[in-house]
Amino acid sequence: MAATEPQAEVRASPVSVRALVTLAVVALAVYGLDQLSKFLIVSNLTEGELVRVLGEVLQFHFVKNSGAAFSFASGSTWIFSIAASAVTVFIIGFSRRIRSVGWAVLFGMLLGGTTGNLTDRLFREPGFGVGHVVDFIQVIGFPAIFNIADSFIVASMGLFIILTIRGVGLDGKRSHGTAPAADAASDAEPRPSTPEDSK
């Protein structure tokens, strides 16, 4: 019967071409920049060599890292290769749900950085899946040497915090609390008169 039918049919939201293109462009740009920088470092420096760029503030120090970002957990390369592969597959599969350009940029940076380091682990020495990641950026006061991919992975986490604080959802809409609206509605409601009001 018509009375029992739902008022409106729920339809799946269309894929956002703009968000997908943004994600892909950002990911390719990050990946390309990361791999180009590593190629230049490997081609022009020997392992362990240090080049001062801005005195001691910024230096290029070529090292090879068998661990995660910022040399964490060295010696567990194969674990991070599996984790990076899982993250890559997840982002690619999840990308169709993204409608927000901000979130597309976030996942693009994360995808580009993850695949940048994953490429090193898969195709650099000492072997497939256990290759060492090329790190070369050394900043004064920072305890670890890192690369372009690491920088964008961290930047994506920062953007995640910003979008979350601002209440921006994957659909690009901002969520607002209901408390202010409820307070305004309660203020607008007429109060019953009391004997005190007639004095």
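1. Val 63 stands opposite Asp 135 in strand S3. Six bridges join strand S2 to S3 (residues 133–139), and the two run antiparallel. Strands pair here if DSSP finds at least two bridges between them. Helices (H or I, at least four residues) and strands (E, at least two) are DSSP runs, numbered from the N terminus.

2. A word on the basis. This is a predicted model, in which local features need pLDDT of at least 70 and side-chain atom pairs count only at pLDDT 80 or more, while totals for chains, interfaces and linings use all residues. Residues are numbered from 1 along each chain as its sequence is written, and side-chain values use heavy atoms, with hydrogens and water left out.

3. S2 (residues 58–65) also pairs with S1 (residues 50–54). Four bridges join these antiparallel strands. Within the pair, Val 51 faces Phe 60 of S2. The hairpin has three residues between its strands, and Gly 55 takes a positive phi near 60° there.

4. Val 57 sits in the loop between S1 and S2. With a relative accessible area of 46%, Val 57 is partly exposed. The classes are: buried, under 20% relative accessible area; exposed, over 50%; partly exposed, in between (1.4 Å probe, protein chains only).

5. Val 57 also belongs to a nonpolar surface patch with Val 51, Val 53, Leu 54, Val 139, Ile 140 and Phe 142. Together they have about 550 Å² of accessible area. S1 supplies the largest share, three residues. Patch members have over 30% relative accessible area and no salt bridge; nonpolar side chains (Val, Leu, Ile, Met, Phe, Trp, Tyr) are joined within 5 Å, like charges within 9 Å. Areas come from the Shrake-Rupley method with a 1.4 Å probe; for residues, only the protein chains shown count as cover.

6. Helix H1 covers residues 17–44, 28 residues in total. From first C-alpha to last it reaches 40 Å, close to the 40 Å expected at 1.5 Å a residue. That expected span is 1.5 Å times one less than the number of residues. Among the buried residues of H1 are Leu 23, Val 26, Val 30, Asp 34, Lys 38 and Ile 41. Their cover includes S2, helix H3 (101–123), S3 and helix H4 (148–166).

7. Thr 88 is in helix H2 (residues 77–94). Its relative accessibility is 12%, so Thr 88 counts as buried. Leaving aside residues up to four places away in sequence, Thr 88 touches Leu 111, Thr 114, Thr 115 and Leu 118. Contact means heavy atoms within 4.5 Å.

8. The salt bridges number three. The rule is a side-chain nitrogen of Lys or Arg within 4 Å of a carboxyl oxygen of Asp or Glu. Asp 34 pairs with Lys 38, the closest N and O atoms being 2.9 Å apart. The two are four residues apart in H1, so about one helical turn separates them. Both Asp 34 and Lys 38 are buried.

9. Lys 38 also bridges to Asp 120 (3.0 Å, N to O). Asp 120 lies in H3 and Lys 38 in H1, so this pair ties together parts 82 residues apart in sequence.

10. Asp 120 and Arg 124 form a further salt bridge (3.0 Å, N to O). Asp 120 is buried at 1% relative accessibility, whereas Arg 124 is partly exposed at 24%. Shared partners link Asp 34, Lys 38, Asp 120 and Arg 124 into one network.
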